[in-house]
Amino acid sequence: MKRIVQEYSFSDEQLNTVKNLAAECGLLEETVKILFGRGIDDKQKIIDFINPSRKHFISPFKMRGMDEAVKLITRAREEDWAVVVYGDYDADGICAATIMSNALKDFGIIPTVYVPERRDGYGLNRAAIDAIFEEDFPQLFITVDCGISCADEVEYIKEQGAEVIVTDHHELPEVIPDCICINPKFNDGYIYDNLCGAGVALKVACALNGEDAYKYLDFAAIATVADSVPLTGENRDIVYEGLKLINDAPRSCYNHFLSKSEAAVNSQSIAFTIAPKINAAGRMGDAKAALRLFNETDENIIFDLSAKLTAYNAERQKYCDELYNSAKQKIKERGAYGRILMLWDEGWNAGFVGIVAARLADEFSRPVLLFVRNGDMLKGSARSVENVNIFEALKACSEYISEFGGHAQAAGVNVSADNFEKLEEALNGYLTENYRADDFVSKLYVNGVLDSQYSIRFVKELEMLEPFGVGNRRPMFEIDGGALDVRPVKPMSPHISVKSRNIELMYFGGAKFTYLMLSRAPKKFVFEYNVSTFRGREYVKGFIRDVVCPRTAGEAALQEIAVNNILTLSADEVACEKIYKTKEQIEGLSAGGYGTLYIAHDYATVEKFECVKNLPVELFSLSSANVSDTVLLSPCSDCDLSGYGQIVFLDSPCAGVRIASLKDRKVIICSEIEGNNFIKGLPCSREELLKIFAMVAANAGNAECADSGEAALKISFGFSPVHVAFALEVFRQLSLIDYANGKINVVRGVRTELANSPLYNIALKFNG
């Protein structure tokens with residue numbers, strides 16, 4: 001289940017303020033509404049936001065500890081101290097170490113750079129410290145992207161005779177290390193606290209070398225996007241300026257990761273092309289390869305290292321897919337019917353469980369904890385959904401946890417095997433008691449409704465809101481539609497083009513929703529604007545991101561529902577255990593919010609049952625995989641229902657169950673209501689079918705259609721679409737037609753009998 005939510009709403013007074021700001025700034029009110037709703041609520045803020053620049057950078061010396069750090073680093077240079085930069089294994093840590101080490105070189109210090117591997121754990125550790133002192137005997141130890149929670153380790157370094165400067169951006173612990181600490185989270189004169197680790201390193205670089213440090217803005221931009229910190233305030237300025245560097249003169253060390261066909265690199269390019277490859281090195285246990293790449297000058301070595309990181313990323317994707325499939329199989333076996341998903345396996349890789357947990361949390365719309373078991377201990381990662389604070393939930397159940405740490409949306413968790421089930425039960429109870437069911441519904445935030453022709457000026461103004469990311473999501477919009485013109489991008493393509501009254505839309509992977517698009521069912525599309533240039537001309541299209549139907553959509557699509565029922569009826573019957581119950585017994589079935597799917601072949605059936613009156617109703621296929629209790633109206637035969645534990649047919653299938661994913665399953669069927677209204681009155685006489693065949697032959701090849709249902713809804717044959725769909729499926733079963741190349745083709749010279757069509761024989765029983 002998904003819900004469209006307006007990102008903001010305004011009072012009359014606020015709307016008046018928006019109107020005045022739009023006039024003052026020379027912007028459309030629609031644009032200012034988006035900015036105002038995101039807290040950019042006065043003229044100067046708007047001007048600064050739409051004109052990001054290094055001019056807005058805050059002085060690094062407003063940070064607590066910066067003056068002292070510069071003095072100590074200056075002393076280290078003057079006295080020729082040995083200096084170590086200690087980083088982290090992710091993209092932020094690698095970029096931070098690169099910025100800090102190069103800034104020190106520019107300042108006159110040649111440091112040693114140490115980056116731990118993931119297996120060593122996050123942050124400072126004594127084994128690494130011992131190894132560093134055994135090798136280099138540093139007199140100054142500078143951390144980047146770590147250290148603020150390592151008070152004991154800092155003391156250990158000091159005991160070895162070195163001074164310490166901690167630069168970090170993570171939340172402040174109760175005990176701060178006794179050394180120079182630079183962190184934007186301190187309550188000091190620095191007014192922005194969302195810098196990433198590389199952003200903090202950049203500030204130190206600026207304090208040491210002034211504006212010469214701006215040449216490292218590209219590394220800071222990559223880290224800022226990769227670390228998912230908010231793209232607001234100074235982060236927005238950093239990313240904007242960094243992207244300018246990347247587009248104007250990309251470094252060889254990441255140029256091999258960029259698409260040559262892409263017009264310009266943006267924040268999305270970083271998030272999906274550069275950052276994953278840098279992170280992959282750390283996840284594959286070779287973070288030093290990424291560090292070498294960012295500091296290498298030999299083009300041949302750069303090429304080899306780029307290829308290595310690309311291969312690491314491909315391997316990482318493979319391992320993540322395997323872990324994801326393994327987790328999905330476990331979910332299938334044990335079900336996903338509570339408000340928390342917790343799984344473990346001895347064979348999983350600890351470096352990937354966080355990635356997969358995030359993917360599953362998004363898919364199932366609830367918190368997910370995945371663990372790797374090692375002996376009696378389980379080490380894992382938690383990921384949550386927008387409205388659920390997993391850190392607070394873990395804190396409330398900490399009696400069952402050996403160790404945990406993190407924030408509202410993500411955490412690391414260690415638990416003994418004996419406490420696994422106790423923790424699962426406690427978390428489920430806590431989430432049930434402290435959160436509403438609505439908190440687990442996937443929200444689709446929109447910034448407005450397109451109810452007339454779009455404004456090209458508005459679309460261009462939206463581009464001024466780049467870069468998009470955390471804290472500044474790409475604006476999405478809603479458009480309402482009924483029956484729409486739908487065409488595949490090319491024959492048999494999974495992508496479709498959708499024409500609405502006001503804009504042409506593209507829906508990547510949307511072919512499975514073709515019937516829904518073609519139907520008269522009211523529906524809402526969530527889309528984003530996209531501007532592309534072809535042969536010097538600019539074109540605007542909408543990219544559909546999701547589709548949502550109201551509960552009553554089925555009432556407006558009775559004809560299309562009947563057509564889809566015909567298609568499902570022509571599929572093969574599957575063997576399953578059928579348990580027949582009365583309507584009263586079905587009304588009394590227990591459903592706990594997850595795991596029960598109710599199926600009906602007719603919208604009128606749904607209205608007869610009190611037990612489903614508050615449930616969402618989906619058409620033809622499921623829009624969400626979170627297995628929340630749902631009514632599915634007229635399911636397609638290839639619809640995947642495997643995640644549900646209880647399948648209930650509210651009306652009896654007229655010729656057996658024909659949904660492939662229900663093979664060998666147990667299903668409950670209402671014995672008192674027949675789901676066969678759609679089959680009554682079908683044209684079963686030879687003469688009627690010959691008339692339809694003649695019309696089909698006359699129109700063959702005139703329209704793109706992948707199957708009989710699409711043809712019946714898109715082409716006017718002069719007959720009822722339900723009758724046409726039935727006839728076409730009969731003809732297809734008799735090999736009189738096919739849909740090769742995405743069009744109806746009449747096959748000549750075939751001699752057969754109507755009785756050879758299984759669908760015809762089923763219909764004949766009801767219309768003989």
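**Surface, sheets and cores**

Modeller: Let's begin with N741, which is exposed, with a relative accessible area of 62%. One caution before we go on: this is a predicted model.

Biologist: Noted. Where is N741 found?

Modeller: N741 sits in the loop between β27 (737–738) and β28 (745–746). Its phi is near 65°, a positive value in a residue other than glycine.

Biologist: What about F620, what is its phi?

Modeller: F620 has a positive phi of about 70°, although it is not a glycine. It belongs to the loop between β21 (617–619) and β22 (630–633).

Biologist: Is F620 buried or exposed?

Modeller: F620 counts as buried because its relative accessibility is 3%, and the cut-off for buried is under 20%.

Biologist: And the prolines? Which peptide bond is cis?

Modeller: The one from E466 to P467 is cis, with omega near 0°. P467 lies in the loop between α18 and β13.

Biologist: Let's switch to that part, then. What does α18 lie across?

Modeller: Helix α18, residues 456–463, lies across β13, β17 and β18. Its direction is at about 80° to β17.

Biologist: How many strands form the open sheet there, and in what order?

Modeller: Six strands, in the order β13-β17-β18-β16-β15-β14, with mixed pairing. β13 (477–481) and β14 (485–488) are the edge strands, each pairing on one side only. From one strand to the next, the twist averages 40°.

Biologist: How do β17 and β18 pair?

Modeller: They are antiparallel, with eleven bridges between β17 (residues 523–534) and β18 (residues 537–548). To find your way along them, look at Y529, which stands opposite G542 in β18.

Biologist: Nice. Now β23, which strands does it pair with?

Modeller: β23 (residues 646–649) is joined to β20 (residues 596–600) by four bridges, and the two run parallel. It also pairs in the parallel sense with β25 (residues 666–670), over three bridges. For landmarks, I599 stands opposite F649 in β23, while V648 has I668 in β25 as its bridge partner.

Biologist: OK, new topic: the hydrophobic inside. How many residues are in the largest nonpolar core?

Modeller: It has 79 residues, and I73 and Y254 have the most contacts inside it. Helix α5 (residues 91–107) gives the largest share, ten residues.

Biologist: What does I73 touch?

Modeller: Leaving out residues up to four places away in sequence, I73 touches L104, F107, I109, L140, I142, I165, V204 and L208. Apart from that core lies another core, of 67 residues, among them I46, Y507, M517 and V648. As background, nonpolar side chains tend to be buried together in soluble globular proteins.

Biologist: How about helix packing? At what angle do α12 and α13 pack?

Modeller: Helix α12 (residues 267–283) and helix α13 (residues 287–295) pack at about 140°, with their axes 6 Å apart. That angle makes α12 oblique to α13.

Biologist: Which residues meet there?

Modeller: I278, A281 and G282 in α12 meet A287, A290 and F294 in α13. By class, that contact has five nonpolar, one polar and no charged residues.

Biologist: Last one: is E710 buried or exposed?

Modeller: E710 is buried, at a relative accessible area of 7%. It is part of helix α24 (residues 708–714).

Biologist: What does E710 touch?

Modeller: Not counting residues up to four places away in sequence, E710 touches T514, Y515, L518, E704 and C705.

Conventions:
Residues numbered from 1 in each chain as written. Heavy atoms only, no water. Pairing = 2+ DSSP bridges. Axes fitted to C-alpha atoms, helices over the stretch in contact; angles between N-to-C directions. Contact = heavy atoms within 4.5 Å. Parallel < 35°, antiparallel > 145°, perpendicular 65-115°, else oblique. Nonpolar A, V, L, I, M, F, W, Y, C, P; charged D, E, K, R; others polar. Core = buried A, V, L, I, M, F, W, Y, C linked by side-chain atoms within 4.5 Å. Buried < 20%, exposed > 50% of the residue type's maximum accessible area, 1.4 Å probe, protein only.
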